[in-house]
Each structure stands twice: as C-alpha cells, then as structure tokens.
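Please look at the sequence and the structure on the screen as I go through them.

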Amino acid sequence: MSDSDNPLAPPPWLNAPPVDPYPYEESHDLRVGPKLHPALDGLLPYVGVWRGRGRGGFPTIEDFDFAQEIRISHDGRPFLSYESRAWILDDESRPVRPAGREVGWWRPVLDDAGRATDELEALLTVPTGVMELHIGKRTGTQLEFVTDAVVRTSTAKEVTAGHRLFGIVEGALLYAQDMAAVGHPLSPHLSARLTRIAG
C-alpha cells in the first residue's frame, strides 16, 4: 500500500517547504497595481483612501463627533474591498478613543454577458458581532444600500436593519447611515464628509 492509499499517512503538505508571501497585489491607487476589472468602472470614483470627520448619534445615545478613514481597494477581480476605521473626537478635535471598525466587500451584479448592471451587493461586518448583507443601486456616482439580511452573534447588540447613501460630491466622499436597533425604527446614525488622501 502506498502512502497515498494509507489514510493514516501524513498529508502531503505537512512537510512541504514554506511558501512565499501572498503574490497578488491589491491597490487603492489606479496608477499602480492590477488593472481595474471592467465591471468596476461605475465604482471607479470610490477607489482610494479617504479621511475626514462626521457626526453620530442614535435615540439611545448622546450625539458624538468622530474622525474616520476608509480604504476602498481592488485586486483586479470584480469586487471592491472596503475597510473603515473611526475614532471619537473631543470638542477640540483631539482623539478620545477608537470607535467603529468595519470590513467588507462591494460587488456589482453582472448580467448574463458578464457586464455590470446598476445593481450592487455589499457584505459588511463589524467586530461587535453583526454582519449585514446589503442590496443596492448605483445612480451616477451615488450609491444607495438597504439591508437584505442582518446576522448577529448571541452577544451582539440587536441591530435589525440599515440604510446607507454614499456620494462623490465635488471630489469628496459623503455618506449618511440610518440604523434600526434595540427596538427603535430606522433612525439617523452616522454622517460624514471624507476627502481623498491617496489613490
């Protein structure tokens, strides 16, 4: 019986040599890295690194000021990687503490010929145990997303729905986010204006 036929033999990768670092580049700068997938042409204005400030609140909490950095990048495939980090600011714009973090992917819906439609899908996850599946639509440089499903861990806050608007206005990324949570219907939660710092 050969090693490949022996179910007790070690798997072939067990003693294989080390591998090199991840060999495929991801970029938030359209001048370097892989070519943008044609299906992402309508989302091209969003690719980059954005930083700015905003205001947050909800019926259950006091309003707050925050700063935020969003990185939107691609690796040549027909989706965008989305990563957001925010931090609370005091009355003099000094950092107080880390705030929300979010990672996910935006992806255009393709037709039967593989061309992008104006419909979008987005999957967004936060470290506090909430994952939101959004469906959306692109109109020019405006994106509108609504939740199709919200999945929560047993210890997560009760978030039940969301609505987000993104737009590129005079070169800046503006957005507004509504949230339904802890027994409250969709209510304004976050809004911000971010300027491009890279890409």
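Residues 40–196 form a span that is 0% helix and 74% strand, and its end C-alpha atoms lie 19 Å apart. Here helices (H or I, at least four residues) and strands (E, at least two) are DSSP runs, numbered from the N terminus. In UniProt, an unreviewed entry lists these residues as "domain: THAP4-like heme-binding"; UniProt positions are given in the numbering used here, feature names are shortened, and annotations may be inferred rather than shown by experiment.

Two remarks on the source are in order. This is a predicted model, in which local features need pLDDT of at least 70 and side-chain atom pairs count only at pLDDT 80 or more, while totals for chains, interfaces and linings use all residues. Residues are numbered from 1 along each chain as its sequence is written, and side-chain values use heavy atoms, with hydrogens and water left out.

For the chain as a whole, there are 0 helices and 10 strands. Its C-alpha atoms fill a box of roughly 70 × 40 × 40 Å along the principal axes. Of the 199 residues, 35% are buried, where buried means under 20% relative accessible area, exposed over 50%, and partly exposed in between (1.4 Å probe, protein chains only).

Let me turn to the pairing of strands, which requires that DSSP find at least two bridges between them. Strands β5 and β6 run antiparallel and are joined by 8 bridges, with L123 opposite L133 in β6. Their hairpin has 3 residues between the strands, and G129 takes a positive phi near 95° there. Next, β6 is joined by 10 bridges to β7 (residues 142–152), again in an antiparallel arrangement. R138 faces L143 of β7 in this pair. The hairpin of β6 and β7 has 2 residues between the strands, and G140 has a positive phi near 65°.

Not counting residues up to four places away in sequence, E119 touches R107, P108, V109, G136 and K137, a contact being heavy atoms within 4.5 Å.

On a 1 Å grid over the protein atoms alone, a cavity is a set of points where a 1.4 Å probe fits but cannot get out, and a pocket is an open set with protein on both sides within 12 Å along at least five of seven lines; lining residues have an atom within 4 Å of a point. Grid points are joined across faces, edges and corners, and a volume is the space filled by probe spheres set on the points.

The largest pocket holds about 840 Å³ of space. Its lining comprises 35 residues, and G100, V126, K157, H189 and L190 lie nearest the centre. Which strand gives the most to this lining? That is β4, with 6 residues. By type, the lining of the largest pocket has 21 nonpolar, 8 polar and 6 charged residues; Ala, Val, Leu, Ile, Met, Phe, Trp, Tyr, Cys and Pro count as nonpolar, Asp, Glu, Lys and Arg as charged, and the others, Gly among them, as polar.

The count of cavities of 30 Å³ or more is 1, and the largest cavity has a volume of about 40 Å³. Among the residues lining this cavity are P108, L120 and R138. The largest share of its lining, 3 residues, comes from β5.
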